Amino acid sequence: MRKETVEVMREAAEHFIDYLDLQRTVCERIAELTKNEAAFVTTGAAGGVVLSTAACMCAGNIDNLDRIPDKVNMLEKNEVIIFDGEFQDSIPYWKLIRKAGAKIVSVKPDIDAVKQVVNAHTAAVFLFPSSLYERGIPTCEEVIPELKNIGVPIVVDAAAQLPPRSNLWYYTNELGADLVIFSGGKHIRGPQSTGLILGKKNLIDICKAAASPNAEIGRPYKTGKEELAGILTALEFFMKEDDQSLYDSQYEKLMTVKAYLNHFETVKVEMKTEGRLGTFQPLLLITFPEGIRGESCHEFARKYNPPIDIGVYQPEFKMPENTVFINAYNLSEGEQYMVGEMLERFCEESINR
Ligand SMILES: *Cc1c(COP(=O)(O)O)cnc(C)c1O
């Protein structure tokens, strides 16, 4: 988090305030900043998945909240459609839909197949965007405009799909999704325990009713006044930043890291102009000589002083074992040197053996 965000959270902790007043003010301001009809702050994008599922299952009737998650068979709308795709192996978050009691209906990756499966019990269609997760399934660009008029809410879990900042309203205003979810603790650099639900007011109102201070499904996902103040401050800074300058500063940090590896002839370092999930950010891909596993670099980095987290692809991603990735979005100024030095040390120790 930025120093300013931490400071605002500290100040918020020192004062009493009417929680609902603060919640309303913060959410209205977030809706305005993100150009959405309405907004709600919850506990991480994960809390957002559960609450938006609950909101969609209510079908406009707040009284239905009392039936979630244990009596959902009394609800008319209790099924959520997702695509049957590779993303189900690489990210687990779709499973959270079940935490609200909904039954997941996984359909073959085809828009017409969704249209055929939709019925009176369909509460929502959930989509997980990104160039990585959309491999082998129709993209949000293809799906949302086609499905937005079938009378079923479309919810997009875009937790990590930033920057560009315009994604905060792209899925809802431009493509036509009903709700979109973002992590507060990823690119926005807010408290890690925050997430945003953005979009249609009628659904957001139910998310609010489901959450603290009401004793419904969202009550255990309480955001404190410190978090409400923190996410708003972080978002205000995030919105003031220019996408290109943010990109350029990350690019420069990664070039510095790369320079530490240039003298290892057998190490291939490649700068990608797109994040791992297709976002607007540079990404450094490092491929060690055959036999040197990315996992060993990860272990080395975690034992380093200070500990550093290196991106290792899990087997589901089907990437070579000797490739690691580095992004710079959470590197503070100066930390790029530590990353470079650590990688240089790792290469010296492992390649000469
Ligand atoms: C990271 C992520 C989440 C969880 O986000 P939190 O803010 O940590 O709750 C959910 N869905 C997707 C697609 C994610 O990438």
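This is a predicted model: local features need pLDDT of at least 70, side-chain atom pairs count only at pLDDT 80 or more; totals for chains, interfaces and linings use all residues.
Take helix 1 (residues 3–13) and helix 9 (residues 225–240) to begin with: their axes come within 8 Å and cross at roughly 155°. Angles over 145 degrees count as roughly antiparallel, so helix 1 is roughly antiparallel to helix 9. The crossing of this pair, helix 1 and helix 9, is right-handed. On the helix 1 side, the residues in contact are Glu 4, Thr 5, Val 8, Met 9, Ala 12 and Ala 13. They meet Lys 225, Glu 226, Glu 227, Ala 229, Gly 230, Thr 233, Ala 234 and Phe 237 of helix 9. Sorted by class, the residues of this contact come out as 7 nonpolar, 3 polar and 4 charged.

Then there is helix 3 (residues 44–58), which packs with helix 8 (residues 201–210) at an angle of about 115°, the axes being 8 Å apart. Helix 3 and helix 8 are therefore roughly perpendicular to each other. Here too the crossing is right-handed. Leu 51, Ser 52, Ala 55, Cys 56 and Cys 58 are what helix 3 brings to the contact, while helix 8 brings Leu 203, Ile 206, Cys 207 and Ala 210.

Next comes the ligand. Around it sit Gly 44, Ala 45, Ala 46, Tyr 93, Asp 157, Ala 159, Ser 183 and Lys 186. Asp 157 uses its side chain, where a polar atom is 2.6 Å from a nitrogen atom of the ligand. Ser 183 also uses its side chain, with a polar atom 2.5 Å from an oxygen atom of the ligand.

Last, the backbone. Most peptide bonds are trans, and most residues other than glycine have a negative phi. Ile 68 and Pro 69, though, are joined by a cis peptide bond, with omega about 10°. Pro 69 belongs to the loop between helix 3 and strand 2 (79–83). Another cis peptide bond links Pro 163 to Pro 164, with omega about 10°. Pro 164 is found in the loop between strand 5 (154–157) and helix 7 (167–174). As for phi, Lys 35 has a positive value near 55° despite not being a glycine. Lys 35 lies in the loop that runs between helix 2 (19–33) and strand 1 (38–42).

Conventions. Residues are numbered from 1 along each chain as its sequence is written. Side-chain values use heavy atoms; hydrogens and water are left out. Axes are lines fitted to C-alpha atoms, for helices over the stretch in contact, and angles run from 0 to 180 degrees between N-to-C directions. Helices (H or I, at least four residues) and strands (E, at least two) are DSSP runs, numbered from the N terminus. Angles under 35 degrees count as roughly parallel, over 145 as roughly antiparallel, 65 to 115 as roughly perpendicular and the rest as oblique. A crossing is left-handed if the near helix is turned anticlockwise from the far one by less than a right angle, and right-handed if clockwise. Contact means heavy atoms within 4.5 Å. Ala, Val, Leu, Ile, Met, Phe, Trp, Tyr, Cys and Pro count as nonpolar, Asp, Glu, Lys and Arg as charged, and the others, Gly among them, as polar. A residue is near a molecule or strand if one of its heavy atoms lies within 4 Å of it. A polar contact is a pair of N or O atoms within 3.5 Å; within protein, one must be able to donate a hydrogen and the other to accept it, and residues adjacent in sequence count only if both atoms are side-chain atoms.
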